[in-house]
Amino acid sequence: MAGVDVVGVGYQGLSVAQICENLTADGVALVCDVRLTPLSRKPGLSKTALSSNLRAVGVGYRHFPALGNPKWNRGGFGGSVAELKTARETFLTTVLSTGGARSAVDEIRDLARSARVALLCFESDESRCHRSLILADLLCADERLSVGAV
């Protein structure tokens, strides 16, 4: 099987210009937005503006709402160790196990076989973000996975 090349990126504390610079420097060809609702109070980081900013630097954009973490489950990712564990288990059982999420993961895996892909969400700490579970899921397919943060 061909390997996949996926990195995680959190835009917390960064401007859209910094995100674009980091992504292009890291050779990312496509950003897969895994926010449930791709809105941001930070200028340039909502879906339409982000897509346009990325296109301007030669990076593609796709939104995968099926991989978004429900609002009611987000607090646990920033909570205690026990709350984080519960939130991770909840995401795995209520989101990542659904047909829509499985299809989205398969599509990202296919895309990442031919180009470097970045999973984008807000949280800068990969271990405190649901995207780490999506990255792990991609790894479980017995693939070579280049996991990192941009």
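These notes walk through a predicted model of one protein chain, from its overall build to single residues.

1. **Overall build.** The chain has six helices and four strands. Along the sequence they come in the order β-α-β-α-β-α-α-α-β-α. The radius of gyration is 14 Å, close to the 15 Å that the globule rule gives for 150 residues, so the chain is as compact as a globular protein of that length. Along the principal axes, the C-alpha atoms fill a box of roughly 40 × 40 × 25 Å.

2. Of the 150 residues in the chain, 45% are buried. The accessible surface comes to about 7,100 Å². Carbon and sulfur atoms account for 55% of that surface. Now look at contacts with a separation of 6 or more in the chain: 75% of them join residues 24 or more positions apart.

3. **Helix α1: the buried side.** Helix α1 covers residues 16-25. Its buried residues are Val 16, Ile 19, Cys 20 and Leu 23. They cover an arc of only 95° around the axis, which puts them on the same side of α1. What lies over them? The cover includes strands β1 (6-10), β2 (30-33) and β4 (117-121), along with helix α2.

4. **Helix α1: the other side.** The face turned away from the buried side carries Ala 17, Glu 21 and Ala 25, which are exposed. Just after α1 comes Gly 27, with a positive phi of about 75°.

5. **Leu 54 in helix α2.** Helix α2 spans residues 47-56, and Leu 54 lies in it. Is Leu 54 buried or exposed? Its relative accessible area is 1%, and anything under 20% counts as buried, so Leu 54 is buried. Which residues does Leu 54 contact, leaving aside neighbours within four places in sequence? They are Cys 20, Leu 23, Val 31, Val 59, Gly 60 and Tyr 61. Ala 25 is 29 residues from Leu 54 in sequence, and their C-alpha atoms are 13 Å apart.

6. **Helix α5: length and face.** Helix α5 has 13 residues. From its first C-alpha to its last it reaches 18 Å, close to the 18 Å expected at 1.5 Å a residue. Its buried residues are Ala 101, Ala 104, Val 105, Ile 108 and Arg 109. Seen down the axis of α5, they fall within an arc of 135°, so they line one face of the helix.

7. **Ala 104 in α5.** Pick out one residue of that face. Ala 104 is in helix α5. Its relative accessible area is 6%, which makes it buried. Beyond its neighbours within four places in sequence, Ala 104 is in contact with Phe 64, Ala 66 and Leu 67. Ala 66 is 38 residues away along the chain, yet the two C-alpha atoms are separated by 6.8 Å.

8. Side chains of opposite charge can pair when their charged atoms come close. Glu 107 and Arg 62 pair in this way, in a salt bridge of 2.5 Å from N to O. Glu 107 lies in helix α5 (residues 99-111) and Arg 62 in strand β3 (residues 60-63), so the pair ties together parts that are 45 residues apart in sequence. Both ends are partly exposed: Glu 107 at 31% relative accessibility and Arg 62 at 33%. A second salt bridge joins Arg 109 and Asp 106, with the closest N and O atoms 2.9 Å apart. These two are three residues apart in α5, so about one helical turn separates them. Arg 109 counts as buried at 9% relative accessibility, while Asp 106 is partly exposed at 37%.

9. **Other salt bridges.** How many salt bridges does the whole structure hold? A search finds eight. One of them joins Arg 35 to Asp 33, with the closest N and O atoms 2.7 Å apart. Arg 35 is buried, at 6% relative accessibility. Asp 33 is buried too, with a relative accessible area of 0%. Elsewhere, Asp 5, Asp 26 and Arg 116 are linked in a network of salt bridges.

Conventions:
Residues are numbered from 1 along each chain as its sequence is written. This is a predicted model: local features need pLDDT of at least 70, side-chain atom pairs count only at pLDDT 80 or more; totals for chains, interfaces and linings use all residues. Side-chain values use heavy atoms; hydrogens and water are left out. A salt bridge is a side-chain nitrogen of Lys or Arg within 4 Å of a carboxyl oxygen of Asp or Glu. Buried means under 20% relative accessible area, exposed over 50%, partly exposed in between (1.4 Å probe, protein chains only). The expected span of a helix is 1.5 Å times one less than its number of residues. The arc is that of the directions from the helix axis to the C-beta atoms. The radius of gyration is taken over C-alpha atoms; the globule rule is 2.2 Å times the number of residues to the power 0.38. Contact means heavy atoms within 4.5 Å. Accessible areas come from the Shrake-Rupley method with a 1.4 Å probe; for residues, only the protein chains shown count as cover.
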